[in-house]
Amino acid sequence: MTEQDAYVAWMAREAKRPVAVDPMAVERVMARVRLEPRPRRRGAGWRWLVEPRALPLSPALGAALAAGLVGIGAFLGHMQNDRGGQNPAGRSPTVAPQPPLASHDTIIKFVLVAPHAATVSVVGDFNDWDAQATPMKRTPTGGTWSVAIPLRPGRHVYAFVVNGANGGTQWVADPTAPLAPEDGLGAPNSVVLVGGSAS
Amino acid sequence: MMVVSSRTSRFIAYAAMLSAVALQPLALFAQDPDPLSRLDPNTRFTVEVIIDSARVAGVPTRPLTLKALEGSAKHADNRHIIAAVRSVFHAELDVRVALGSALDESEWTSAVSALQSGVPLEVLSKFRGDHAGKPLTRALVVMTDLIQRGVPMSEASSAIMQLWQRGAEDGDFYGLWKNVEQDILSGQNPGSALQQRIREYPGRLTPGNKIPPASQEPDNSSS
């Protein structure tokens, strides 16, 4: 047996020898560690944001994420249109929604004298006959109601919907415009021509 | 590259799913809603059949949709809505016979209105030969209005045809309409008012020889 072998044998014996460890030693070490001030990790949040990482998403979850983004985009687009459009969503009782003005559109002002009305709106083919789409505003001085909206060139049929203070609703033709024929639907319509030499 | 914890990725995925579920109805609403959904299902079915027929026949379908929506807005009963839509469809077929298909939408609808106000097909067809690219809408709108205000159909159609053949322009028709309307409002007989005003046209209209202008423009057509 060489000297080196004897040293190895000694190491093996020492390694196998049971050591009596104080059971509180670990606690004491950890207590010291806890007393040490923790080093501040600067920019950890920023690193979390900017560090590239791989997201383990299944195809189904990826599709859901895409659908959500599409939904957000469509919703924002809808809100943008509604800000100036005839869309029925987000109706305001006092501000008439206006469709976006195309280059060939003409601003047409509708006026009706109805001093006893609670609300008045103009309804016609330009707003798909939606009585809520184009409310008129009462002038500060009296019972005149008006609204100005852009219309495409051509013939448009319309009427006024007058809501009385007692809750009754009446459809009224424009007394200053040509009449459309009766069509059996129970209320008269008016005609406005946009464009041309006499609009 | 680092892989986020499964907890974080699950959170992001659930958030995306919730967004999708919550916003899909809004996204659908943001699209152009189906206007005919305002009709009850049976009425809608019948209206769509009529619209399909119009499409096959090659006449405009939008006036039919608008007529149905008008009926719905006016709370007309379903029978009347269907009758009104069918009436427009039949009138469109007649207009095509009378005037051909080379019309814009305003000409279609004004011709339909003229027929519905009682103008015979043969009278309407007289506008065809002189059409020559000149828009018909104003003449037909004025003719229809005069009939609605009590001018006998034969007198109204004769007067408007006379002006049309003399080369009247949109402004001439508007001037005639405004003058006759004022006369009627002041108590004059509608037929007499038209006859009196039409005499102000001694011969063929020229740019310097037009109907006297109306005293004021309508309130609803300021631009």
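Biologist: In β6(A), which residue is the bridge partner of A:V120?
Modeller: This is a predicted model: local features need pLDDT of at least 70, side-chain atom pairs count only at pLDDT 80 or more, and totals for chains, interfaces and linings use all residues. Residues are numbered from 1 along each chain as its sequence is written; chains are lettered from A, and ligands numbered from 1, in the order in which they are written. Strand β3 (residues 117–124) of chain A pairs with β6(A) in the antiparallel sense over seven bridges, where pairing takes at least two DSSP bridges between the strands. Within β6(A), A:V120 is bridged to A:V162.

Biologist: How many of the eleven residues of β6(A) are buried?
Modeller: A residue is buried with 20 or more other C-beta atoms within 10 Å of its own, exposed with 12 or fewer, and partly exposed in between, with C-beta atoms placed from the backbone. Of the 199 residues of chain A, 27% count as buried. Strand β6 (residues 154–164) of chain A is largely enclosed by the rest of the structure, because its buried residues number nine of the eleven.

Biologist: Which residue in the turn between β6(A) and β7(A) has a positive phi?
Modeller: Strand β7 (residues 169–172) of chain A pairs antiparallel with β6(A) over four bridges. A:V162 has A:Q170 as its bridge partner in β7(A). The two strands form a hairpin with four residues between them, and the positive phi, about 95°, belongs to A:G167.

Biologist: Which residue of β8(A) is the bridge partner of A:R155?
Modeller: β6(A) also runs antiparallel to strand β8 (residues 190–194) of chain A, joined by five bridges. In β8(A), A:R155 is bridged to A:L193.

Biologist: Which strands stand at the edges of the open sheet of three strands in chain A?
Modeller: The order is β2-β5-β4, with antiparallel pairing. Eight bridges join β2(A) to β5 (residues 144–151) of chain A, and A:V111 stands opposite A:S146 there. Each edge strand has a single partner, so one side of it is left without a neighbour in the sheet; the edge strands are β2 (106–113) and β4 (137–138).

Biologist: Are α8(B) and α10(B) roughly parallel or roughly antiparallel?
Modeller: Axes are lines fitted to C-alpha atoms, for helices over the stretch in contact, with angles from 0 to 180 degrees between N-to-C directions. Those of α8 (residues 153–165) and α10 (residues 190–198) of chain B come within 10 Å and cross at roughly 15°. Angles under 35 degrees count as roughly parallel, over 145 as roughly antiparallel, 65 to 115 as roughly perpendicular, and the rest as oblique. The two helices are therefore roughly parallel.

Biologist: Which residues does B:L93 touch, not counting those up to four places away in sequence?
Modeller: B:L93 lies in helix α4 (residues 78–99) of chain B and counts as partly exposed, because it has 15 C-beta neighbours inside 10 Å. B:P60 is 33 residues away in sequence and 9.8 Å away in space, C-alpha to C-alpha. Contact requires C-beta atoms, placed from the backbone, within 7 Å. By that test B:L93 touches B:A57 and B:V59.

Definitions and conventions
Two residues are in contact if their C-beta atoms, placed from the backbone, lie within 7 Å.
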